[in-house]
Amino acid sequence: MRNSILAGFFIGIASFVYLNVGGVIGALGFSLGLVLVCMFSTNLFTVEAGAVDLKSELGKLFRVILVGNFIGCIITAGICSIPVISDVVGESLRKTLETRYSTTILEAISKAIMCGVIIDCIVYAYKKTKNVVPILLGVPASILCGFYHSIADCFYYALGFFYDIKTYYAMAASPYIGAPDYIPGLQYLENYMIKAGDNWYNAPVLIWISSIIGNFIGCNIRRVVYKEVE
């Protein structure tokens with residue numbers, strides 16, 4: 001579990017780098033997360049999903065690794081929300097969350113599958129060659145194409161939650177604004193996790209679950225269709 005939490009922490013850091021920088025450079029900076037995961041041999045869901053024994057280790061993948069990654073991302077989001085969150089980060093986060101909000105389940109699964117394929121292949125290449133170049137090329141490619149990484153999305157959702165709480169108390173402390181008429185954090189969970197648009201199946205939490213499923217499928221395509229040459 002500790003290795004899984006650390007992997008989530010690494011991806012959280014990488015996600016925060018991307019929110020701060022954005023663009024091609026930010027996407028390249030996101031590569032730091034996967035580089036650290038590979039070099040420290042921590043357990044990341046989108047790395048282990050394509051390597052575990054699907055008969056005996058599937059439970060561990062979801063109960064330990066996935067949950068540990070989520071915990072690591074939430075811890076990172078909490079730490080990152082302590083300093084003043086810049087307008088650049090706030091705007092980038094808002095756009096990211098709104099993109100997820102407007103996605104359908106089928107779109108989320110397809111984008112997550114493509115992300116899973118890329119992550120699995122570049123990690124496989126790294127393990128074979130010990131060369132980080134595939135990671136430095138593959139991760140930015142996935143991000144710039146708008147593919148979904150479920151662990152990074154966990155960080156974005158968690159940071160939004162803490163940001164909402166921080167904004168509430170900042171407004172409450174202001175003599176000119178005063179405390180808004182809602183419970184901090186709960187409105188965020190309703191609007192950005194539970195509440196759907198016109199259809200129930202557009203609920204962000206379902207989009208997130210779809211991303212997890214898509215990542216899992218994508219991470220297993222290589223070993224199903226590719227026969228390694230001895």
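## A polar contact at Asp-153

The side chains of Asp-153 and Arg-100 form a polar contact at 2.8 Å; the term denotes a pair of N or O atoms within 3.5 Å, where within protein one must be able to donate a hydrogen and the other to accept it, and residues adjacent in sequence count only if both atoms are side-chain atoms. The structure is a predicted model, in which local features need pLDDT of at least 70 and side-chain atom pairs count only at pLDDT 80 or more, while totals for chains, interfaces and linings use all residues. Residues are numbered from 1 along each chain as its sequence is written, and side-chain values use heavy atoms, with hydrogens and water left out.

Asp-153 belongs to helix α8, which covers residues 150–173. Asp-153 counts as buried because its relative accessible area is 3%, and the limit for buried is under 20% (exposed is over 50%, partly exposed in between; 1.4 Å probe, protein chains only). When neighbours within four places in sequence are set aside, Asp-153 is in contact with Arg-100, Tyr-148, Trp-208 and Ser-211, contact meaning heavy atoms within 4.5 Å.

## Overall architecture

The protein contains 10 helices and zero strands. Both kinds of element are DSSP runs numbered from the N terminus, helices being H or I with at least four residues and strands E with at least two.

Of the 230 residues in the protein, 47% are buried. Among contacts with a separation of 6 or more, 80% join residues 24 or more positions apart.

## Ile-74 and helix α4

Ile-74 is located in helix α4, residues 58–80. Its relative accessibility is 40%, so Ile-74 is classed as partly exposed. Apart from neighbours within four places in sequence, Ile-74 is in contact with Cys-154, Ala-158 and Phe-162. Ile-74 and Cys-154 are separated by 80 residues in sequence, yet their C-alpha atoms are 7.4 Å apart in space.

## Cysteines

A disulfide is a pair of cysteine sulfur atoms within 2.5 Å, and by this rule the count is zero. Cys-73 is in no disulfide, and the nearest cysteine sulfur, that of Cys-154, is 4.6 Å away. Cys-73 is buried because its relative accessibility is 0%. Cys-38 is likewise buried, at 14% relative accessibility.
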